[in-house]
Amino acid sequence: MKITLSFLPLFLFVINISAQTVGQRVKTKTVQRAENKTDRTIDKGLGKAEEALDNLFKKKDKKTTKAEPVASSSTSGSNNPKETSTRNTNVTNGTQLNSFSDFEPGNNLLFFDDFKQDAMADFPAKWNTTGSGKVVTLDGIEGRWLDIVHNSIVHPLLDKPLPENCTIEFDLFLQTQGEMITPFIQFGLTSVKDIMREDLGYKEKFFVSLNRYNEKDGRLIEYGIKEQVVGNKSEFPLLDYTNKVLHVSMSINKTRLRLYLDKTKLIDLPRALLPEMRNNFYLANMYMIPASEVGVLVSNIRIASSEVDARSLLIKQLMEEGKAVTSDILFDVNSDIIKKESFAIINQFGEAMKNNNSLNIKITGHTDGDGTASSNVELSRNRSASVKRYLISNYSIEAARIQTDGKGASMPVSENNSAAGKAKNRRVEFTKL
């Protein structure tokens, strides 16, 4: 009896705090974030109470143990690169999430920024903001990043609204630093053309929010219209991407919006968008209490039109005009290793050659102006050879039907002093022989 009474104040303390917490959790998302540190304190109190109960009532058989649940994920793509849809399996807390990536990047580049043209610690020249941000580098992570500070919205400077059919891609680095408060990330489409002169909160918009991504039981992905949340996703393993790069892709087809995280299609809404929402794309480190202590880190933002299917257009151009050029066959940096997202484009040439035995082609690689002339020529030749090997391996095309060449940076189609220009110069040319 004395043992039981000695723990009674602790039980009452835990019950009292738990009751308060239930009431607090009906508040808005901002207030929820303010309670994070309180929640951690409560968890410790609950843990002590549970430990006390276990010590009082546990069985004497010490050989019986209870394993802690472990969250894990696998995002490996399909083993068959011919598939235009790539299957991915994510596993989190024992729940298996299967999906197929049918994302196709737009073929006509409208905007690209990797911040290489901006000075370190400056806000990038091709963007606007309501707050602040700066260009930074990350230890052990390639490239430059825009660090968006708390209570700041940013958007690219676009000449005109987005077309009815387009794609938006960018990289997010989900940063954590010990116990520091992580940001409330939001991105989406808005009718606001200039966030310095219009209030985002009162205009038409579609948003996606990533919240508490470093908390096992708190991570949440929400989406909605204006300020109203209309749905959420909790099955995606955000925790597995902390201090890693998460690639985000959005496909817009008139009123339809599809969202992909990594290669997992997470949202597919056929009637989500209004025409005015395509006025702009935005990213934000949203206001909350207490303020986030680490920034929202983004890079490699690519916006492209997909008014005409890139693959069909390329084959049509090859057959009718004798030549087709694309900047959407991508390789690892300074490497001839083809990125998986490029397989769908190359597959079209494989199918065309397989279905037409008289079709012979020449593949010519081109690079941007970075590096020496000789190294660029060698790299471009190696890349065209990699495309040839891919076609031979996956479509059993006779090697004699494919010639290869590389021109390096000797034949640019755009300037080499901007990220967008360099992206256009890194291209693969197919010529009908």
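Guide: Two strands pair if DSSP finds at least two bridges between them; helices (H or I, at least four residues) and strands (E, at least two) are DSSP runs, numbered from the N terminus. This is a predicted model, in which local features need pLDDT of at least 70 and side-chain atom pairs count only at pLDDT 80 or more, while totals for chains, interfaces and linings use all residues. Residues are numbered from 1 along each chain as its sequence is written, and side-chain values use heavy atoms, with hydrogens and water left out.

Visitor: What makes β19 and β20 a pair, and which residue stands opposite Ile363?
Guide: Strand β19 (residues 361-366) is joined to β20 by 5 bridges, against a requirement of at least two. The two strands run parallel, and Ile363 has Thr404 of β20 opposite.

Visitor: Which strands are the edges of the sheet that holds β20, and what makes them edges?
Guide: The sheet is open, has 4 strands in the order β18-β21-β19-β20, and its pairing is mixed. Its edge strands are β18 (323-326) and β20 (402-406), each of which pairs on one side only. From one strand to the next the twist averages 15°.

Visitor: How is the direction of helix α6 relative to β20 described?
Guide: Helix α6 (residues 373-395) lies across β19, β20 and β21 (427-432) and runs at about 160° to β20. Axes are lines fitted to C-alpha atoms, for helices over the stretch in contact (heavy atoms within 4.5 Å). Angles run from 0 to 180 degrees between N-to-C directions.

Visitor: What is the order of the sheet of 7 strands?
Guide: That open sheet runs β4-β7-β16-β9-β10-β11-β12, with antiparallel pairing. At its edges are β4 (127-129) and β12 (228-233), each pairing on one side only. Its neighbouring strands are turned by 20° against each other on average, direction ignored.

Visitor: What makes β9 mostly covered?
Guide: A residue is buried under 20% relative accessible area, exposed over 50% and partly exposed in between (1.4 Å probe, protein chains only). In strand β9 (residues 185-190), 6 of 6 residues are buried. Ile185, Phe187 and Leu189 point one way, whereas Gln186, Gly188 and Thr190 point the other way. In a regular strand the side chains alternate between the two faces of the sheet.

Visitor: What makes a set of residues a nonpolar core?
Guide: A nonpolar core is a set of buried Ala, Val, Leu, Ile, Met, Phe, Trp, Tyr and Cys residues joined through side-chain atoms within 4.5 Å. The largest has 45 residues, and Phe170, Phe187, Leu189 and Leu210 have the most contacts inside it. Apart from it lies another core, of 24 residues, including Ile315 and Ile402.

Visitor: Why is the pair of Phe103 and Tyr260 called edge-to-face?
Guide: Rings of Phe, Tyr and Trp (its six-membered ring) pair if their centres lie within 6.5 Å; planes under 30 degrees apart count as stacked, over 60 as edge-to-face and the rest as tilted. For Phe103 and Tyr260 the centres are 5.3 Å apart and the planes at 65°, so the pair is edge-to-face. Phe103 lies in the loop between β2 (95-101) and β3 (108-113) and Tyr260 in strand β14 (residues 256-261), so the pair ties together parts 157 residues apart in sequence.

Visitor: Are Phe103 and Tyr260 buried or exposed?
Guide: Phe103 is buried because its relative accessibility is 13%, and Tyr260 is buried because its value is 2%.

Visitor: Why is the pair of Trp145 and Phe173 edge-to-face?
Guide: The ring centres of Trp145 and Phe173 are 6.1 Å apart and the planes stand at 65°, so this pair is edge-to-face. Trp145 belongs to strand β6 (residues 141-148) and Phe173 to strand β8 (residues 165-173), so the pair ties together parts 28 residues apart in sequence. Trp145 is buried, at 2%, and Phe173 is buried as well, at 9%.
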